[in-house]
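Subject: Structure handover

Hello,

Here is the structure I promised to pass on. Please open it first, then read the notes below.

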Amino acid sequence: MLNLYNTLTKEIDEVSPLQDGVVRMYTCGPTVYRDAHIGNLRSYLMADWIRRILSAQGLNVVHIKNITDVGHMRQEMLERGEDKIIAAALEEGKTPAEIAQFYTDRFLADERKLKIQPAHEFPKATDHIEEMIEIVEGLVEKGYAYEADGNVYFSVSEFPEYGQLSGNIHEAELLEAVRVEADPLKRDPRDFTLWKAAEPGRMVKWPSPWGEGFPGWHIECSAMSIKYLGQKFDIHTGGVDNIFPHHEGEIAQSEGFTGEPVVSSWVHGQHLLADGVKMAKSAGNSFIMSDIEAQGIDSMAFRYLCMTARYNTRLNFTFTSLRAAQRGLQRLRNRIWQWAMEEDEQSANGADVEEWTGRFFDTVNSNLDMPGALALTWEMSRSDLSAPTKLALVQKFDEVLGLNLMDVVDEYRTGSEIQERLALRSSLRQKREYEGADRVRSDLEDAGFVVEDDLAGSRIRPKAAWEKLTEDRDIVSSAAEVPSLVNEDDSYDITVGIVACNYVDDLKRAVSSAFRWSNGRSLEAVILDNGSMGETSEWLEGLAAKDARVRVIHADHKLGEGAAKNIVLKQSLGRTVILLDTSAEICSDIYGRIEEMLDQKDAGVAGPFGLRTDNLHHFHDGEGESGEMDAMQAYCFAFRRSALKEVGLMRESFRFYRNLDIDYSFHFKEKGKRILADASLGVVQHEHRVWSDLAEGERDELSLKNYRRFLEKWGDRADLLVSNRSG
C-alpha cells in the first residue's frame, strides 16, 4: 500500500482508508485570475500520481479540487490595473466572474494537456458562501472566533494546536511567519480573517450576519472539503507554500468547527525553481504551459521532467532540462515503437509481468518514488524480456506514469507512399547504392520525417515539433551555457551589445544607427535574442546571415536582464563595449568621444545619461549635465572590455532591468573607476516599450525589488558617492 510523508506527523505513514476500499482526497486548486504556472502544475501532478497509484491498486479514489474564483480578487488590484490582462478584460466590459471562468477554462485545458485526471468535483468558492458562513457562525458560537466592525477573526490563542503543521508553535515564530501589517481590529496580531467587511466600491460581496463582505482565504477549503468529503477524510494535498498560513488556518477552522481531526494525511509538494530561483510573477520566471508549447515541446516532456525528482524535493526547471526530458521521452517512445513493429507471435510472459509489476509498485508505494519508477521503466526497456512482455509492462506502468506511451504506435504510423520511399531506400542500401539511398533519406527528412536504422532494419516516424524548431539554430537556456571570451584578444574596436525581446522595429532602428556612425572603425554587434517570437528572431537570423559583423545568440525563453546582458558581455570581442538599449538611437559619431572619455585616468564607464545621488535613496537624472556621475543609465553604457576581468559580470539576481545599471555602475566605482557622462553625445531616447507595456503596479513592484537588492549590497557605501569623496 502507498506510504507518504505526512507533514502533520513528520513521518512516512501508510495510507489507510477511513472507509473500506475508498480514499477521499482534497487538493487545493488554482486561484483563477491568472494562469497557473508550471510550479503550481507540479503540485497537481503530485496529486495525480497519488491518485493513479491508489486506483491502480484497486482503490476507489474520490478526488475534489477547489477553484478559488472572484471572491478574493482584490478590489485595489482591479482599480490600479496591477494585472494588464484583467484590466483589459474589464475595459472590454467583462465581469470579474467572466474573467475567472476564462482562467478556469485555461487551467482545465492545461490539466488535460498534462494528462492529469480530472477531479470528480471542481467546486467554486463563490458557489459555497452559505457553507462558509455556516462554519464561521459555528466558530463564533464555540468561542474560536469574534466579530469586530463587520470583520470576523479566528482567535489563535483559543486553539492550542495552532502551528502543529508548520512547526511555528511559538508566538514569536508565528508573528514572524505571518508578516502582515497590523490590524487594529484584531485582539492578537496572529489572528486571521474568516470574514472581511466589504470596502466601499467593492464589486464582489455577499450579505452575512455581520454585514456585506467576503470570505477569508482559508475558510473556503474548510467549507468545500467538509461538504464534499465529510468531517473526516484521508488525504489533503497542496504545495509547500500552502503549509503556512493557509493549511495551518484550515486545520484550526475545520477542527474548531467539528471538534476533532479532519484530515489523516497532509501531503505537500516542494517548489519548482526556475533558473535557480523560486518561481514568481514578480521574478519574471513564472512560466506557463504556453511558454513550453511555444518551444514546440510536448507537454508530456514536462510531466516526464517532474518525474526525475521526488515530489518533496526542489526541482530546478530550465528549458535545457526540459529539452533533455523531451529527448529522454523520445528515446523511450522510440523503443516502444520498435517493440510494436517487431514480428513476434509470442504472447507476454505472465510470470515476468507479475515480477516486474511487483517491483514497480514497491517503488512507487515508497513515498511516491517516481524517479525510481522511471529508472525501473528504463531498466525494463533495456532488459532481454520479449517485445510483447515489454509492451504489456509499459501499459501497466503507464497507468501510473500517465505519459500515454502507447499512443506512439498510432502517432508514428505513416502512409503507404512514405513506406514505399523507405522500402526504396532499403533496397538501394542492399545494392550498396549509398548515394541514391542518401538522397531518399534527405528527401524524407526535408518532408518532415526521421529515418532511424538499427540491426533490425529501418523505421520512419514524423519529426516532432521541437525537433523542427531547434534543428537550424543554437539555443541557450542560461548564461552559464555560453562560453566566455573575456580572456580572448580584442578582435574589433567596438562591440555594440543589445538584448532584444520582440519590438522588432525598435531593434532595427537601434542596430542600423549603431552601424551608420561607425566611420571606418571595426564594429561588431552581439545581440541576444531574449526569447523573442516570430518576426524578431527571423529578422535577426536574416541579418546575421547577410552581415558577418552581427552575431546572434538565441535564448529559448526570456532570461532575467542580468543573465541576458552577461551573455552579451561574455561573447563580446571589441576593445570597447557599448551596451545599447533597443529604445535608444545613435544620431552622430559617438564612438570617438566615448574613446576619449575612457582614455581618462581611472575612467570606468562612459555614456550620455548619468545619474547622481546624495544619499543612495534617490538618484536623479544628470540630464543636460556632463562630468563625473554616480551611475550611468543603460540606454548607452560604455566601458573597456578589459575591465570585465576586474569588475566581473552583472548580478543575475536582477531579473528586471530597472536599477541593474545603477548596481553595475557601483561595481566599477568599488574598483576605483569613475562614471563619466557627456550629455552632448548624440543618443536619442525613444519610448521604452518594456516599461510602457507594464501595468503601473507591476512596474512599481519590480523596480522596488531591484532597488532593495541594490541597497542590500551598497546601502552602507555612501563613501563611493562623488559628493562624499575627498579631493
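In which loop is Leu 616 found? Leu 616 is found in the loop between strand S23 (610-612) and S24. Helices (H or I, at least four residues) and strands (E, at least two) are DSSP runs, numbered from the N terminus. Phi of Leu 616 is near 70°, a positive value in a residue other than glycine. At 1% relative accessibility, Leu 616 counts as buried. Buried means under 20% relative accessible area, exposed over 50%, and partly exposed in between (1.4 Å probe, protein chains only).

Some ground rules. This is a predicted model, where local features need pLDDT of at least 70 and side-chain atom pairs count only at pLDDT 80 or more, while totals for chains, interfaces and linings use all residues. Residues are numbered from 1 along each chain as its sequence is written, and side-chain values use heavy atoms, with hydrogens and water left out.

Now the overall picture. The protein has 26 helices and 29 strands. Its C-alpha atoms fill a box of roughly 90 × 85 × 45 Å, taken along the principal axes. Of the 727 residues, 56% are buried. Take the contacts (heavy atoms within 4.5 Å) between residues at least 6 apart in sequence: 78% of them join residues at least 24 apart.

Next, the second largest pocket. It holds about 450 Å³ of space. Its lining numbers 21 residues, and the closest to its centre are Leu 611, Arg 658, Asn 659, Asp 661 and Ile 662. A pocket is an open set of points on a 1 Å grid over the protein atoms alone, where a 1.4 Å probe fits, with protein on both sides within 12 Å along at least five of seven lines; lining residues have an atom within 4 Å of a point. Grid points are joined across faces, edges and corners, and the volume is the space filled by probe spheres set on the points.

Helix H21 (561-571), strand S24 (620-621), helix H24 (660-670) and helix H26 (696-714) each supply at least two lining residues. H26 gives the largest share, 3 residues. By class, the lining has 8 nonpolar, 7 polar and 6 charged residues. Here Ala, Val, Leu, Ile, Met, Phe, Trp, Tyr, Cys and Pro count as nonpolar, Asp, Glu, Lys and Arg as charged, and the others, Gly among them, as polar.

Asn 659 sits in the loop between helix H23 (644-647) and H24. Its phi is near 75°, again positive in a residue other than glycine. Asn 659 is buried, at 13% relative accessible area.

Asn 365 lies between helix H12 (350-364) and helix H13 (370-382). Asn 365 is buried, at 8%. A polar contact of 2.9 Å joins its side chain to that of Gln 57. Such a contact is a pair of N or O atoms within 3.5 Å; within protein, one must be able to donate a hydrogen and the other to accept it, and residues adjacent in sequence count only if both atoms are side-chain atoms. Asp 547 is in the loop between helix H20 (535-546) and strand S19 (550-555). Its side chain reaches the backbone nitrogen of Arg 549 at 2.9 Å.

Last, a cis peptide bond joins Phe 244 and Pro 245, with omega about 5°. Pro 245 is found in helix H8 (residues 243-258).

Best wishes
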